[in-house]
Every structure is written in C-alpha cells, then in structure tokens.
Amino acid sequence: MVMKKTIILFACMLVALTCFSKVTDSRDIALHAGHENEEALRSILPVRAVIDGNILQLEFLDSPENVVVKISDKAGKEIITSAYSFPQLVKLYVNQGANDYTIEIIYGETCLYGVFTIENM
C-alpha cells in the first residue's frame, strides 16, 4: 500500500513539473568587445544579449546615454538599425526568416558584436 501511494505521488509530481515548466529556445549570444577598432579582452560585458525564437533581447547593466543597435544578415546588409537613449531593456523582432545574423551594439567608444542564428520556427 505504501509503495502504491509513493508511485502515485511521484506520478503527480512528474505531471506537475511537466505542466509548469516552460520549454524555451532562448540562447545567449556571445558578445565580443572592441574599443576603437581594437579587440579587447573579454571581461564582464555591460550588455547581455539573448535570442528567443525571432525576439532579440538586450539587457544593459549600465544605462549608456546613447546606444545604436545594428543587425545585419550574413551578406552584410543592415536589416535593423535603432537608436536608444538610456536603455535598460530592449526587445527587437527579427522577422527576416531563418538565417545567420550579426549584431553590433555601439555607444561611446565601445562596440560590442556577436553572431546569432534564427532557425525555422
């Protein structure tokens, strides 16, 4: 009888975890820092970039005064260019389809860049 209750309890917990867990395809984008066209050592970067499906999210640890975000396709054609003042969280929708993309985040003398892929949804 105790074994039967244990199995039922375990099954209930498994169902609950399955129902409440979010399956996501979000991936961090590895950003590289450059200062005045020179490669900088990778340390704690002031920006975190995450791609989730076709939504690009940028989280700024410090709120830089003026930021320009550029997204280019693998052929180098700019598809999105946006400017922000004192951003903390930016969400961009990349609706260009499955492809490899490059992101550039520019403010002051800092240029952060990275490569990400949007897969078929």
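A residue is called buried here when its relative accessible area is under 20%, exposed when it is over 50% and partly exposed in between, with a 1.4 Å probe and protein chains only. By that rule Ser-82 is buried, with a relative accessible area of 17%.

The structure is a predicted model, in which local features need pLDDT of at least 70 and side-chain atom pairs count only at pLDDT 80 or more, whereas totals for chains, interfaces and linings use all residues. Residues are numbered from 1 along each chain as its sequence is written, and side-chain values use heavy atoms, with hydrogens and water left out.

**Overall organisation**

The chain holds 1 helix and 10 strands; these are DSSP runs numbered from the N terminus, helices being H or I of at least four residues and strands E of at least two. Read from the N terminus, the order of elements is α-β-β-β-β-β-β-β-β-β-β. Of the 121 residues, 30% count as buried. The accessible surface amounts to about 8500 Å², and carbon and sulfur atoms account for 58% of it; areas come from the Shrake-Rupley method with a 1.4 Å probe, and for residues only the protein chains shown count as cover. Contact denotes heavy atoms within 4.5 Å. Among contacts between residues at least 6 apart in sequence, 49% join residues at least 24 apart.

**Sheet**

Strands S1, S4, S5 and S8 form an open sheet in the order S1-S4-S5-S8, with antiparallel pairing. Strand S1 (27-29) and S8 are the edge strands, each having a single partner strand, so one side of each is left without a neighbour in the sheet. From one strand to the next the twist averages 25°, where axes are lines fitted to C-alpha atoms, for helices over the stretch in contact, and angles run from 0 to 180 degrees between N-to-C directions. Two strands are taken as paired if DSSP finds at least two bridges between them; S5 and S8, which run antiparallel, are joined by 5 bridges. Glu-59 has Leu-89 in S8 as its bridge partner.

**Nonpolar core**

A nonpolar core is a set of buried Ala, Val, Leu, Ile, Met, Phe, Trp, Tyr and Cys residues joined through side-chain atoms within 4.5 Å. The largest has 24 residues, and those with the most contacts inside it are Leu-58, Ile-71, Ile-103 and Ile-105. Two or more residues each come from strands S4 (47-52), S5 (55-60), S6 (66-73), S8 (89-93), S9 (99-107) and S10 (110-118). S9 gives the largest share, 4 residues. Beyond its neighbours within four places in sequence, Ile-103 is in contact with residues including Leu-31, Leu-58, Ile-71 and Phe-116.

**Aromatic pair**

Rings of Phe, Tyr and Trp (its six-membered ring) pair if their centres lie within 6.5 Å; planes under 30 degrees apart count as stacked, over 60 as edge-to-face and the rest as tilted. The count is 1 aromatic pair. Tyr-101 and Phe-116 form this stacked pair, at 5.6 Å centre to centre and 25° between the planes. Tyr-101 lies in strand S9 and Phe-116 in strand S10, so the pair ties together parts that are 15 residues apart in sequence.

**Selected residues**

Ser-82 belongs to strand S7 (residues 78-85) and, leaving aside neighbours within four places in sequence, is in contact with Val-67, Val-68, Val-69 and Leu-92. Phe-86 lies in the loop between S7 and S8; its phi is near 50°, a positive value in a residue other than glycine.

| Residue | Relative accessibility | Class |
|---|---|---|
| Tyr-101 | 1% | buried |
| Phe-116 | 3% | buried |
| Ser-82 | 17% | buried |
| Phe-86 | 52% | exposed |
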